[in-house]
Amino acid sequence: MVLELVRSRVPIHLYATGQHPGLDLADHGLGGLPATGLGCPGRSDPIAHVADVAQALERHWRGHSPELVPQLVMVQGDTSSALGGAQAADRLALPLAHVEAGLRSFDLSAPWPEEQFRVEIDRLADLLFAPTAGAAANLHREGCTGTLHVTGNSGIDALLAQLEGMPRVRRRGPQRRSPRLLVTCHRRENWGAGLAALAAALVTLARRGGVTIDVVLHPNPQVASTMFTLLGNEPHIRLIAPLGHQRMIDAMRHADLILSDSGGVQEEAPALGVPLLVLRAATERPECIASGNARLVGTGTNRVIDAVTALVEDRAALAAMAVPRLPFGDGQAAPRIAALALAWLERRDQDQRRALSA
């Protein structure tokens, strides 16, 4: 998304909130671009982190001359950083665009607080870029007033771009006895009991044998520490340090089955053709279920064990889920979003010029 705006010769500026220690923009292909660190480390209270980000951005923008204040603030997703940016834009009456608009689980507790955050961002946004027709329908039902476009998700653009430089994965035949499971779990609603229940399921599966289990730890130190405590002494489970985007994609490509509560993985796994078990009670991305690439299982110990066992024992069902599909876009979302945002700004400027000359 950002790189597409750069290719369009649009002046851009990135803001790194500091939520994840050690995050390097260069690891995400954004090295060398103008960027400002806001110094807002993650907090146990996500609402407080929203306030931190909003206040930091507001101070930063108020301290600049008008020509250096952004013409358009663009936020993506449903994080506390995104909502902080949206609130700062609203307070300063700056136009706001929301990428990934309209995703809804219709349950404010799952995911919490992200469902609440995205509802508020969409309410504030002047430009709404919905990844799917279903997301756009949600925005229509809620009466959101921003200009709405269905664009696909730029995350799929990034995925397909990464795949261009990777060698093709050779899948072993259906006679393979040890399917590889790749596991990630980090969402706040799964902290505590959810992580413990999932870990118990993984230990049971590992000790039974017949599967290889890799668990990718999350950059959040609290989540990583919890998973290390629960699984660090289990010899049949490999814990992997947090991965950058390219290495994570490569790990997914070599898996036979993914277990994850990640929103991004719900979009990427269908495109890669890797079956996915969604570790949530509800999802804001039902398209991955409807496409046949994913199943919703939650984190309950017995449900996870049963779901994994069923697919390991039924290779035909696993193969049916492994057909690559693109429910979240065709890889051209970023050019669409960039063009639509620039056209919107041009129309706004024309309207302002006409109003001044009237």
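This is a predicted model: local features need pLDDT of at least 70, side-chain atom pairs count only at pLDDT 80 or more; totals for chains, interfaces and linings use all residues.
Residues are numbered from 1 along each chain as its sequence is written, and side-chain values use heavy atoms, with hydrogens and water left out. Helices (H or I, at least four residues) and strands (E, at least two) are DSSP runs, numbered from the N terminus.

Strand β4 (residues 96–99) runs parallel to β5, and three bridges pair them; two strands are said to pair if DSSP finds at least two bridges between them. On the other pairing of β5, four bridges join this strand to β6 in the parallel sense, and here L128 stands opposite L148. These strands belong to an open sheet of four, ordered β3-β4-β5-β6 with parallel pairing, whose edge strands, β3 (73–76) and β6 (147–150), each pair on one side only. From one strand to the next the twist averages 15°, where angles run from 0 to 180 degrees between N-to-C directions and axes are lines fitted to C-alpha atoms, for helices over the stretch in contact. Within β5 (residues 127–130), the side that L127 and F129 point to is opposite to that of L128 and A130, and all of them are buried, a term that means under 20% relative accessible area, with exposed being over 50% and partly exposed in between (1.4 Å probe, protein chains only).

Helix α3 packs on this sheet, where it touches β3 and β4, and its direction makes about 155° with that of β3; contact here means heavy atoms within 4.5 Å. Helix α3 (residues 80–91) also packs with helix α4 (residues 114–124), at an angle of about 30° and with the axes 10 Å apart. That angle makes α3 roughly parallel to α4, since angles under 35 degrees count as roughly parallel, over 145 as roughly antiparallel, 65 to 115 as roughly perpendicular and the rest as oblique. The crossing of α3 and α4 is left-handed, a word used if the near helix is turned anticlockwise from the far one by less than a right angle, and right-handed if clockwise. From α3 the contact draws on S80, A82, L83, A86, Q87 and D90, and from α4 on F117, E120, I121 and L124. The residues of this contact between α3 and α4 divide into six nonpolar, two polar and two charged, where Ala, Val, Leu, Ile, Met, Phe, Trp, Tyr, Cys and Pro count as nonpolar, Asp, Glu, Lys and Arg as charged, and the others, Gly among them, as polar.

A second open sheet has six strands in the order β9-β8-β7-β10-β11-β12, again with parallel pairing. Its edge strands are β9 (237–240) and β12 (294–296), each of which pairs on one side only, and neighbouring strands are turned by 20° against each other on average, direction ignored.

Helix α10 (residues 263–272) is largely enclosed by the rest of the structure, because nine of its 10 residues are buried, including V265, E267, E268 and L272. The cover over the buried residues of α10 includes α6 (154–164), α9 (245–253), β10, β11 and α11 (287–290).

Finally, E4 lies in helix α1 (residues 2–7) and, at 16% relative accessibility, counts as buried. Leaving aside its neighbours within four places in sequence, E4 is in contact with A334, P335 and A338, and its C-alpha atom is separated by 9.4 Å from that of A339, 335 residues apart along the chain.
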